[in-house]
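Colleague: I am new to this structure. Could you show me how to read its main features?

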Amino acid sequence: MTSTSSAARTDRANEDFTGALPMAAVLIDGAGIPGAASVCRHGVAWYANRLGGNLLGLLSLARDRSLPELLAEAIERVTDDHRDTCDVASPISPSATVAVLRLSGGFVEYLVLGDSFLVLDRTDNAPLVVSDPREVIISRPYASALTAAAEGSDEYHRILRDLRANRNRPGGFWVAKDEPGAADEAITGSCPLSGLAGAALLSNGAGRVVDRFGLVDWPGAMALLASSGPAEVIRRVREAEVRHAVAADDATIAHCTDLGET
């Protein structure tokens with residue numbers, strides 16, 4: 001696995017996490033809103049790193065358990081780690097999206113919870129792109145109001161809180177937070193290893209190369225990763241953010257090749 005992670009700004013922590021084992025890769029994209037420090041003293045970066053570390057540990061030890069089971073246990077462990085010091089159930093407490101890839105029995109198994117991307121580069125077909133569209137769909141009615149409100153204003157924060165109130169509830173969207181049952185809402189599947197040239201896990205900040213800026217399509221993104229690596233993809237995203245005056249987001253890519261089982 002080759003990976004690159006770039007913080008949105010130099011004056012704040014990177015809230016993404018990525019890590020790998022010989023048979024698995026994990027990407028966590030942490031999320032929070034202003035005011036979260038009042039309910040959680042640890043912060044979003046802590047949550048993302050703790051969740052990713054727990055999930056990697058479970059993947060290394062429990063190869064016979066399903067990916068949703070392992071994610072549910074990782075969420076429960078992290079929640080227990082700060083339940084006594086933080087208001088873990090608050091709507092503004094830290095949360096994260098999750099992407100996981102695991103090699104097992106000649107197949108690649110995958111899990112995606114939230115709007116991160118997992119891309120399987122198939123040798124005989126277009127790439128299989130896995131992401132959960134529910135947050136994007138739920139966010140659309142709020143988009144114009146957020147654009148109209150001054151960023152950082154009380155009105156902006158109110159709209160953002162209203163949007164985040166749709167997390168982890170029927171009819172809303174699902175992320176890793178304090179409820180282990182959210183893992184059952186993840187998108188899961190598998191694909192034979194023999195038909196894959198590689199795979200990539202991207203936070204939504206890195207996925208902008210395709211879904212926001214359209215610099216390449218997904219086959220082009222996978223070709224660029226293979227030829228130039230994750231750092232070049234993120235460099236192009238940063239250039240596009242400046243060109244279009246779009247606020248930067250943490251951007252992380254894990255690119256996996258030579259997917260023979262270990």
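We go from the overall fold to the nonpolar cores.

Modeller: Keep in mind that this is a predicted model.

Colleague: How many helices and strands are in the chain?

Modeller: The chain has 7 helices and 10 strands. Its radius of gyration is 18 Å, close to the 18 Å that the globule rule gives for 262 residues, so the chain is as compact as a globular protein of that length. Along the principal axes, the C-alpha atoms fill a box of roughly 50 × 45 × 35 Å.

Colleague: What share of the residues counts as buried?

Modeller: Of the 262 residues, 52% count as buried. The chain exposes about 11,600 Å². Carbon and sulfur atoms supply 49% of that area.

Colleague: Which residues touch the most other members of the largest nonpolar core?

Modeller: Start with the general idea. In soluble globular proteins, nonpolar side chains tend to be buried together. Here the largest nonpolar core has 50 residues. Leu 51, Leu 55, Leu 71, Val 98 and Leu 120 touch the most other members. Elements giving two or more residues to this core include α1 (44–61), α2 (67–82) and β4 (95–104). The largest share, 8 residues, comes from α1.

Colleague: Leaving aside neighbours within four places in sequence, what is Leu 71 in contact with?

Modeller: Leu 71 contacts Leu 51, Leu 55, Val 98, Leu 111, Leu 113 and Ala 183.

Technical notes. Residues numbered from 1 in each chain as written. Predicted model: local features only at pLDDT ≥ 70, side-chain atom pairs only at ≥ 80, totals over all residues. Heavy atoms only, no water. Helix = DSSP H or I, 4+ residues; strand = E, 2+ residues; numbered from the N terminus. Rg over C-alpha atoms; globule rule 2.2 N^0.38 Å. Buried < 20%, exposed > 50% of the residue type's maximum accessible area, 1.4 Å probe, protein only. Areas by Shrake-Rupley, 256 points an atom, 1.4 Å probe, with all protein chains shown as cover. Core = buried A, V, L, I, M, F, W, Y, C linked by side-chain atoms within 4.5 Å. Contact = heavy atoms within 4.5 Å.
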